[in-house]
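Here is a short briefing to read alongside the sequence and the model. Please keep the 3D view open as you go through the points.

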Amino acid sequence: MKMEKIQRVLLSMIAVLATGAIIMAQGPGDGKGPGGGKGGGRGPAGPVFTVTSPSFPDGGEVPRKHSFYGENKLPQFNFSWVQGGNPVAAPAALQTYVVIFHDIENATAKGPADTLHWAAFNIPGTAKGLPEGMGTGDLPDGTRNGPGIGAGRGAPGYFGPGAGPGPFHHYVWEFYALDTKLDLPANTTRDEIVKGMEGHVIGKAAYVGRFHNVP
Amino acid sequence: MKMKTIQRGMLSAIAVLASGAMLMAQAPAGGKGKGGPPRPVLSVTSTAWADGGEVPMKHAGRGENKSPAFEFHWTAGNDPVAPPDGLQTYAIIFHDIENSSNKTTVDTLHWSAFNIPGTTKTLPEGLGAGDLPDGTRNGPGINGRGGNPSSYFGPGAGVGPFHHYVFEFYALDTKIDLPATTSRDELMKAMDGHVIGKAAYVGRFHAPPQ
């Protein structure tokens with residue numbers, strides 16, 4: 001009985017600590033202080049990673065050119081690091097970027113997993129962005145195209161939106177800045193990539209496009 | 001050697017089948033089923049802001065912190081239809097996909113709600129906290145910690161780059177037997193195998209310059 005009580009107390013303590021950690025995590029991410037990158041007064045402000053694109057406005061419709069029905073070309077993305085609204089150098093620890101591109105609407109086989117269209121990793125930390133129509137497979141700069149619909153068809157690389165004429169689907173490019181390289185083969189899985197990134201994410205940015213096929 | 005060749009052949013066959021399955025997954029989502037009549041597709045709209053646009057301060061954590069009103073629709077080939085017979089409840093997962101806490105890949109769950117009755121056509125602006133009379137249960141999120149009743153918690157990004165806030169709506173063929181204090185992981189696990197529709201609505205937010 002006594003042992004159980006101690007266990008219960010320990011569990012409550014862990015719960016309280018975990019809650020604290022979650023709330024503190026809001027600081028840096030939510031950038032509550034002025035400067036966008038400040039942890040609400042906790043510790044020094046850090047550079048914040050952000051991604052823009054000249055191809056279409058964030059949250060807007062993906063042009064047909066970048067869809068499966070068009071040229072199936074990757075949109076252009078530009079990487080930047082900012083602090084207090086000003087461009088700054090990337091963190092010294094930055095080594096690589098990862099991009100995970102998925103259709104959040106699809107639910108395959110009644111599961112909560114959505115559809116991975118494309119993943120690429122080991123994009124060098126020196127990259128200033130991704131070019132329109134980025135190549136497939138392993139690229140000379142070390143970028144490795146990984147799992148996705150393209151890989152499933154034998155050519156690892158970008159695979160654009162393909163929703164039908166029904167409601168819009170939401171396509172999310174998630175960009176991760178890492179303090180490591182990923183030692184994974186091109187035919188790895190999404191889960192393995194996410195596992196490989198754990199503990200190494202020093203920046204994250206997203207870009208959203210909506211698409212449905214207008215016949 | 002021969003065994004390996006067979007294995008390789010089987011692997012290629014599996015790969016081909018898998019890519020076929022993925023492509024087919026594209027079709028039903030768009031409302032088209034191969035053969036058979038078009039399947040009902042869930043979509044969600046809101047008048048609070050344009051999908052993909054900026055979340056108004058009224059719905060932000062640093063504003064009035066009111067949940068936006070949403071309308072649920074089922075369509076087949078662009079025509080409104082009845083929801084699938086199996087539909088029992090809806091669940092909502094609302095998260096900030098920009099945040100990465102402690103260098104992990106986990107983003108920030110702002111709010112979740114489950115056991116929203118399948119008969120629901122709209123969610124009102126400023127949905128209540130805790131357990132609601134219609135069976136809706138507010139679940140894990142930023143509120144609901146430290147014994148507070150769970151409820152909507154709006155965007156809170158600072159003056160830096162926009163954060164992307166995603167409302168994910170799941171249509172389920174089951175009710176979820178979980179307490180309000182459950183975790184996001186438990187909620188996802190409980191939904192697995194029961195998702196008969198999914199829709200999303202996206203808003204971007206950052207605090208106005210001071």
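What follows is a quick tour, from the two chains down to single residues.

This is a predicted model, in which local features need pLDDT of at least 70 and side-chain atom pairs count only at pLDDT 80 or more, while totals for chains, interfaces and linings use all residues. Residues are numbered from 1 along each chain as its sequence is written, and chains are lettered from A and ligands numbered from 1 in the order in which they are written.

**Confidence**

- pLDDT is the predictor's confidence in each residue, from 0 to 100; chain A has a mean of 84, with 79% of its residues at 70 or more.
- Please take care with residues 9-43 of chain A, where pLDDT stays under 50. The model has 57 contacts beyond four places in sequence for this stretch, a contact being two residues whose C-beta atoms, placed from the backbone, lie within 7 Å.
- Where pLDDT is low, the predicted coordinates should not be read in detail.

**The two chains in outline**

- Chain A has 3 helices and 9 strands; helices (H or I, at least four residues) and strands (E, at least two) are DSSP runs, numbered from the N terminus.
- Starting at the N terminus, the order in chain A is α-β-β-β-β-β-β-β-α-β-α-β.
- Chain B has 2 helices and 9 strands, in the order α-β-β-β-β-β-β-β-β-α-β from the N terminus.
- Of the 215 residues in chain A, 44% are buried, and in chain B the buried share is 43% of 210 residues. Here a residue is buried if 20 or more other C-beta atoms lie within 10 Å of its own, exposed if 12 or fewer, and partly exposed in between, with C-beta atoms placed from the backbone.
- Among contacts with a separation of 6 or more, residues 24 or more positions apart account for 66% in chain A and for 68% in chain B.

**The nonpolar core**

- A nonpolar core is a set of buried Ala, Val, Leu, Ile, Met, Phe, Trp, Tyr and Cys residues joined through C-beta atoms within 7 Å; the largest one has 83 residues.
- A:Val98, A:Val99, B:Ala91 and B:Phe169 have the most contacts inside this core.
- Beyond its neighbours within four places in sequence, A:Val98 touches A:Phe121, A:Tyr176, A:Leu178, A:Ile193 and A:Met197.

**The five-stranded sheet of chain A**

- Chain A holds an open, antiparallel sheet of 5 strands in the order E7-E5-E4-E8-E9, where pairing requires that DSSP finds at least two bridges between two strands.
- E7 (144-148) and E9 (201-211) are the edge strands, each with a single partner, so one side of each has no neighbour in the sheet.
- On average, neighbouring strands of this sheet are turned by 15 degrees against each other, direction ignored.
- Inside the sheet, E4(A) and E5(A) run antiparallel and are joined by 7 bridges, and A:Asp103 stands opposite A:Thr115 in E5(A).
- Helix H3 (residues 190-197) lies across E4, E5, E7, E8 and E9 of chain A, at about 40 degrees to E5(A). Axes are lines fitted to C-alpha atoms, for helices over the stretch in contact, and angles run from 0 to 180 degrees between N-to-C directions.

**Strand E2 of chain A and its partners**

- E1 (residues 48-52) and E2 (residues 77-83) of chain A pair antiparallel over 5 bridges, with A:Phe49 and A:Trp81 as bridge partners.
- E2(A) also pairs antiparallel with E6 (residues 129-130) of chain A over 2 bridges, where A:Asn78 is opposite A:Gly129.
- E2(A) and E3(A) form an antiparallel pair over 2 bridges; in their hairpin, with 2 residues between the strands, A:Gly84 has a positive phi near 55 degrees.

**An enclosed strand in chain B**

- Why is strand E9 (residues 195-205) of chain B largely enclosed by the rest of the structure? Because 11 of its 11 residues are buried.
- E9(B) pairs antiparallel with E8 (residues 163-172) of chain B over 10 bridges, and B:Leu172 has B:Val195 as its bridge partner.

**Loop residues to look up**

- A:Lys110, in the loop between E4 and E5 of chain A, has a positive phi near 60 degrees without being a glycine. With 15 C-beta neighbours inside 10 Å, A:Lys110 counts as partly exposed.
- B:Asn65 lies in the loop between E1 and E2 of chain B and has a positive phi of about 60 degrees.
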